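Thanks for coming, everyone. Let me put the structure up, and then we will walk through it.

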Amino acid sequence: MNKSTLSLTLAGLALLAAPVHAADVAAGKALAEASCADCHGDDGAGDDDYPGIAGMAVEKFTRAMQEYQDGTRTKNPKMTKEAKKVSAAQIADLAAYYAKLK
Ligand code: HEC
């Protein structure tokens, strides 16, 4: 193996090791403030009409969003509409942000 083959191999391994999307808490916060806070509150605490989503585990949060998107959860058309506006990467950002809140 010559030197350039070696460095290509290492670069390839580094790519494989990288997560598909590194959750970006700051991006999640910005999106949450713009799109979710109207209903769920500034800190995700919720109120009488909307559930609190602060402190939800990443996995639970992600599953909930996917279920709104794929129609498994149909309890609230408003939330379904909101969920359909965000990408999988944005859900990861939002999940990371809300999981940090208490
Ligand atoms: C128009 C108001 C509204 C907006 C805006 C909104 N939601 Fe919701 N959300 C709701 C309602 C109502 C529910 C409860 C629906 C149900 O019972 O399934 C809900 C439920 C949820 C749940 C599930 C909570 C649980 O305990 O299972 C999550 C997660 C969630 N919302 C995330 C978000 C995120 C992230 C955003 C911004 C991208 C957002 N919501 C924007 C109204 C809203």
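The chain has six helices and zero strands. Helices here are DSSP runs of H or I with at least four residues, strands are E runs of at least two, and both are numbered from the N terminus. In order, that reads α-α-α-α-α-α. This is a predicted model: local features need pLDDT of at least 70, side-chain atom pairs count only at pLDDT 80 or more, and totals for chains, interfaces and linings use all residues. Residues are numbered from 1 along each chain as its sequence is written.

Now the overall form. The C-alpha atoms fill a box of roughly 65 × 25 × 20 Å along the principal axes. Buried residues make up 18% of the 102 residues. Buried means 20 or more other C-beta atoms within 10 Å of a residue's own; exposed means 12 or fewer; partly exposed is in between; C-beta atoms are placed from the backbone.

Next, the core. The largest nonpolar core has 14 residues. Such a core is a set of buried Ala, Val, Leu, Ile, Met, Phe, Trp, Tyr and Cys residues joined through C-beta atoms within 7 Å. Phe61, Leu94, Ala95 and Tyr98 have the most contacts inside it. Two elements give two or more residues to this core: α4 and α6. The most come from α6, with eight residues.

Stay with α6. Which of its residues are buried? They are Ile91, Ala92, Asp93, Leu94, Ala95, Ala96, Tyr97, Tyr98 and Ala99. Their cover includes α2 and α4.

Look at Phe61. Leaving aside neighbours within four places in sequence, Phe61 is in contact with Ile53, Met56, Ala95, Tyr98 and Ala99. Contact means C-beta atoms, placed from the backbone, within 7 Å.

Over to the ligand. How many residues surround it? The answer is 19, and the closest are Cys36, Cys39, Lys75, Asn76 and Met79. By class, the shell has 11 nonpolar, three polar and five charged residues. Ala, Val, Leu, Ile, Met, Phe, Trp, Tyr, Cys and Pro count as nonpolar, Asp, Glu, Lys and Arg as charged, and the others, Gly among them, as polar.

Last stop, Gly46. Gly46 sits in the loop between α3 and α4. Why is Gly46 partly exposed? Because Gly46 has 14 C-beta neighbours inside 10 Å.

Key: Near = placed C-beta within 6 Å. Contact = placed C-beta atoms within 7 Å.
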